[in-house]
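Thanks, everyone. I'll keep this quick. Please have a look at the sequence and the structure first.

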Amino acid sequence: MAPPEPTPSSRRRLDGRASPHAGGGGAALPLRVCATALGEGAILTSLEEMTQRDMELSELISIPLSLALLGLAVRSWRLLLLPIVMLVASLLTSFGLLWFMTLQVEIVAATLSLMSSLCVALSLDYALFYLSRYQEATRLRASSVHDAVVEMIGGAGHNILVSGAVLCISFFILAVAPSEDIRGFGLGAGLTAVTVMAAYGTLFPALLLQCAPFLSAGA
């Protein structure tokens with residue numbers, strides 16, 4: 001059976017033109033075509049971009065709000081500078097170490113946003129533990145900055161060590177997941193937890209001791 005001949009209306013739809021006898025006076029109608037990539041790769045790329053945008057927006061809101069709450073807790077803008085320095089140092093170190101991991105493991109872009117959010121949360125949380133102990137020691141018991149720092153580490157250091165170890169174990173377990181994206185998330189998050197924990201175990205007390213004259217004015 002021969003295929004049916006196309007009707008005049010179907011020809012107009014295919015050609016994107018109006019018939020000279022149409023009511024529009026024969027004006028040409030533009031043919032608009034929208035091409036969109038489909039498939040698993042396109043869907044994953046779209047989801048990754050959307051997730052990254054959402055996490056960046058949440059960071060723009062959460063970081064200032066968290067710093068404001070921490071400032072209300074410690075009531076000292078000088079001491080508030082320490083968590084900011086620790087946050088920047090932890091981010092730079094984590095991202096720098098992650099670059100070496102990308103040579104062996106494929107890391108999706110959303111991993112960076114996850115690491116950034118986790119670094120903000122852990123840095124400000126550990127800073128609250130340490131600074132509250134430090135202020136309590138300097139006001140009530142310690143006779144010197146050195147004694148206050150020792151008491152601060154003895155009181156809050158154990159909590160930071162235990163919580164950081166639990167997070168590291170939980171994240172690094174994801175590194176053996178079948179999905180490559182999940183493995184990247186686990187490695188990036190575990191690396192961030194290790195970096196923040198190490199920074200608050202070494203750099204934070206050192207900064208407190210070295211900058212004590214400046215920080216004590218706002219303690």
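Start with helix 5. Its buried residues are Ala 148, Val 149, Met 152, Gly 155, Ala 156, Gly 157, Ile 160, Gly 164, Cys 168 and Phe 171. What do they pack against? Helix 4, residues 110-141, and helix 6.

Keep in mind that this is a predicted model. The protein chain averages a pLDDT of 79, and 75% of the residues score at least 70. Residues 8-23 are another matter: there the pLDDT is below 50. Beyond near neighbours in sequence, that stretch has 15 contacts in the model.

Back to helix 5. It covers residues 145-173, which is 29 residues. At 1.5 Å a residue, the helix should span 42 Å. The end C-alpha atoms are 40 Å apart, so the two values agree. There is a bend, though. Where is it in helix 5? At Ala 156, and the angle is about 45°. Ala 156 is also among the buried residues of this helix.

Now helix 6, residues 180-210. How many salt bridges does the structure hold? One. Glu 180 pairs with Arg 183, and the closest N and O atoms are 3.8 Å apart. The cut-off is 4 Å, so a pair at that distance counts. In general, side chains of opposite charge can pair when their charged atoms come close.

Methods. Residues are numbered from 1 along each chain as its sequence is written. This is a predicted model: local features need pLDDT of at least 70, side-chain atom pairs count only at pLDDT 80 or more; totals for chains, interfaces and linings use all residues. Side-chain values use heavy atoms; hydrogens and water are left out. pLDDT is the predictor's confidence in each residue, from 0 to 100. Contact means heavy atoms within 4.5 Å. A salt bridge is a side-chain nitrogen of Lys or Arg within 4 Å of a carboxyl oxygen of Asp or Glu. Helices (H or I, at least four residues) and strands (E, at least two) are DSSP runs, numbered from the N terminus. The expected span of a helix is 1.5 Å times one less than its number of residues. The bend at a residue is the angle between axes fitted to the seven residues ending there and the seven starting there. Buried means under 20% relative accessible area, exposed over 50%, partly exposed in between (1.4 Å probe, protein chains only).
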